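Work through the exercises below with the structure in view. Each task is followed by a solution in steps.

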Amino acid sequence: RGWVINPLGEETSFPIWMMFASILPAVLVFILIFMETQITALIISKKERMLVKGSGFHLDLLIIVAMGGFCALFGLPWLTAATVRSVTHANALTVMSKAVAPGDKPRIQNVIEQRVTGLLVAILVGLSIVIADVLRQIPLAVLFGIFLYMGVTSLNGIQFYERILLLLMPPKYHPDVIYVKKVRTLRMHLFTGIQTVCLAVLWAVMSTAVSLAFPFLLVMTVPLRWFGLTRIFTEREIQCLEGEEPEPTFDEKEGQDEYDELPMPI
């Protein structure tokens with residue numbers, strides 16, 4: 001074939017009805033690309049990272065959408081946010097504090113925001129076409145080990161992963177974080193259990209023949225958050241457990257002492 005793919009068909013004309021039928025798979029692909037891009041942006045641009053150039057994520061989404069239409073004309077794969085690689089890249093550029101008190105966790109000092117490493121990664125990915133014969137000599141076990149390492153290290157800093165570890169830890173050893181101080185232990189574990197069930201359902205759908213329905217199930221978690229979790233948890237508990245902010249601010253009611261809401265041992 002030639003370089004450009006004719007949208008109206010190469011050998012035969014593209015049926016009109018199929019153009020309208022393509023709206024459904026297009027919506028599914030849109031949901032996947034949008035959700036992956038936004039989730040990656042949320043993980044990387046957390047407030048504790050203190051990023052200065054966070055507004056660039058809006059331009060990133062625009063470029064991904066524009067390149068999606070451009071690549072389709074040439075039969076090329078779509079661009080995605082590459083969540084694991086992007087989070088690993090951000091973690092590698094993060095400078096952690098060294099002088100910490102005993103028992104305290106290192107805190108993020110700053111993130112070295114620059115474009116050099118991202119440009120070099122893109123160049124090396126492009127050069128992989130030229131050195132394909134050399135890359136074939138790398139054992140698959142080594143590649144799988146690298147991917148496993150990148151995936152595990154990318155879990156650091158994700159509150160859901162940290163709360164899963166707390167399920168196996170006695171309460172007296174829990175860290176001094178907002179979702180431990182402001183939420184009772186059993187309710188925190190209940191929230192983690194609900195998230196784990198949702199993750200298991202999504203994983204099960206992806207592993208079966210109905211994997212095309214994965215974007216729809218992903219969207220259905222939105223009404224679950226808006227209408228389901230609000231009936232089980234208070235707004236204060238959800239703010240602490242969602243992990244959007246390291247130290248969420250609450251609207252204190254007049255005459256209400258903060259100590260009244262602290263979980264007291266029984």
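**Exercise 1: a helix and its buried residues**

In helix 2 (residues 23-44), the buried residues are L28, I31, I33, T37, T40, A41, I43 and I44. Here buried means under 20% relative accessible area, exposed means over 50%, and partly exposed lies in between (1.4 Å probe, protein chains only). Helices (H or I, at least four residues) and strands (E, at least two) are DSSP runs, numbered from the N terminus. The model is predicted: local features need pLDDT of at least 70 and side-chain atom pairs count only at pLDDT 80 or more, while totals for chains, interfaces and linings use all residues. Residues are numbered from 1 along each chain as its sequence is written, and side-chain values use heavy atoms, with hydrogens and water left out.

Task: compare the span of helix 2 with its expected span.

Solution. Step 1: helix 2 has 22 residues.

**Exercise 2: salt bridges**

Task: go through salt bridges of the model, taking a side-chain nitrogen of Lys or Arg within 4 Å of a carboxyl oxygen of Asp or Glu as the rule.

Solution. Step 2: one of them joins R136 and D133, with the closest N and O atoms 2.6 Å apart. R136 counts as exposed because its relative accessibility is 61%, and D133 counts as exposed because its value is 57%.

Step 1: D176 and K181 form another salt bridge, and their closest N and O atoms are 3.9 Å apart. D176 is exposed at 64%, whereas K181 is partly exposed at 36%.

Step 2: R187 and E237 meet in a salt bridge with an N to O distance of 2.8 Å. This pair links distant parts of the chain, with R187 in helix 10 (residues 185-206) and E237 in helix 12 (residues 235-242), 50 residues apart. R187 counts as partly exposed because its relative accessibility is 26%; E237 counts as buried because its value is 10%.

**Exercise 3: two helices in contact**

Task: describe how helix 8 (residues 159-166) and helix 10 cross.

Solution. Step 1: two packed helices are described by the angle and the distance between their axes. Step 2: the axes of helix 8 and helix 10 come within 10 Å and cross at roughly 115°. Axes are lines fitted to C-alpha atoms, for helices over the stretch in contact, and angles run from 0 to 180 degrees between N-to-C directions.

Step 1: contact means heavy atoms within 4.5 Å. F160, R163, I164 and L166 of helix 8 meet residues of helix 10, among them M188, H189, F191 and T192.

**Exercise 4: a residue of helix 10**

Task: which residues does L202 contact beyond its neighbours within four places in sequence?

Solution. Step 1: L202 is located in helix 10 and counts as buried because its relative accessibility is 14%. Step 2: its contacts beyond those neighbours are F214, L217 and L218. Step 3: L202 and F214 are twelve residues apart along the chain, with their C-alpha atoms separated by 6.7 Å.

**Exercise 5: the whole chain**

Task: how many helices and strands does the chain have?

Solution. Step 1: the chain has twelve helices and two strands. Step 2: from the N terminus on, the elements run α-α-α-α-β-β-α-α-α-α-α-α-α-α. Step 3: of the 266 residues, 19% count as buried.

How values were computed
Expected span 1.5 Å × (residues − 1).
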